[in-house]
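Hi,

Here is the structure I promised to pass on. Have a look at it first, and then read my notes below.

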Amino acid sequence: MGVMDTALRESLKAQRLSGMLETLDARLAQAHGGELGHLDFLQVLCQDEITCRETVALQRRLKRAKFEPQVTLEEFDFTASSKPPAAQICDLGALRWLHAGESVILFGTVGVGETRIAQALGDLAVCQGAHVRFVKISRILADLAGDHADRTWNIRKLVRPDVLIFDDFAMRQLTAPQADDLYELVSERQGRSPIITSNLGPSDWYPLFPNPVVAESLLDRLINTSHQVIMNGPSYRPNKRPKNPTDEPGKPPVK
């Protein structure tokens, strides 16, 4: 290694140009072999740095999203459901709803794949540079209630993401404080896209709110510009029920 090579490496380290540093040996070999001219050498090194930073940023956004083990749209088995809205879901994969600040609501029977599709759409958004956060609605309400209890109420961490995935929305009756917290969060996120998964259709959400005025104002924000996807059919989850040794093929299980 020559003096100039050593000085270059030290300069790259000092400037924290790790992408250039990682590929420097390969690029120098190409330059010495006559494959790269001076300008080409510099351009390729710069592109290496850009690619490295984009990869690190993508990994950071995926970590912040806090996805459960997820599946991409390409990996999702649309044949597992009797009437999969494949065309509608693939159209949502174009992310026009994200750029317009619109909502996506995925609802249907238990286990049909709403959460998987929500995370797959979130994954696409992350790959496009968006900041995404996946969280169960029960966790949101519990965290906000805890913040009230210790007087540290702060919803900025949930307001910042470009996409907030509300998983398992409208599973149970809300208390008045929970409804107020949810209203505050949705209001603060106006213009930022939510993805909502639920086993109930939007028309069935209203009775879960103790105050009809709060319900109407909050749900209007979520539903008014929403893309609604009905997902009905058999469960997407594999049947893992322990089998009874006495069960015989073709006979119903013993209850």
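Keep in mind that this is a predicted model. I'll start with the second largest pocket, whose lining is made up of Arg61, Arg64, His131, Val132, Arg133, Lys157, Arg160 and Pro161. Sorted by class, that lining comes to five charged, two nonpolar and one polar residue. The space in this pocket is about 210 Å³.

Next, a pair of helices. Packed helices are described by the angle and the distance between their axes. Helix H7 (residues 137-149) packs with helix H9 (residues 176-188) at about 100°, and their axes are 10 Å apart. Angles from 65 to 115 degrees count as roughly perpendicular, so H7 is roughly perpendicular to H9. On the H7 side, the contact is made by Ile137, Ile140, Leu141, Leu144, Ala145 and His148, while H9 brings Gln178, Asp181, Leu182 and Leu185. Seven residues of this contact are nonpolar, two are polar and one is charged.

Is Ser103 buried or exposed? Its relative accessibility is 2%, and buried means under 20%, so Ser103 counts as buried. Setting aside neighbours within four places in sequence, Ser103 is in contact with Pro194, Arg221, Leu222, Thr225, Ser226 and His227.

Happy browsing!

Terms used
Residues numbered from 1 in each chain as written. Predicted model: local features only at pLDDT ≥ 70, side-chain atom pairs only at ≥ 80, totals over all residues. Heavy atoms only, no water. 1 Å grid on protein atoms, 1.4 Å probe; cavity = no way out; pocket = protein on both sides within 12 Å on 5 of 7 lines; lining within 4 Å. Points joined across faces, edges and corners; volume = space filled by probe spheres on them. Nonpolar A, V, L, I, M, F, W, Y, C, P; charged D, E, K, R; others polar. Buried < 20%, exposed > 50% of the residue type's maximum accessible area, 1.4 Å probe, protein only. Contact = heavy atoms within 4.5 Å. Axes fitted to C-alpha atoms, helices over the stretch in contact; angles between N-to-C directions. Helix = DSSP H or I, 4+ residues; strand = E, 2+ residues; numbered from the N terminus. Parallel < 35°, antiparallel > 145°, perpendicular 65-115°, else oblique.
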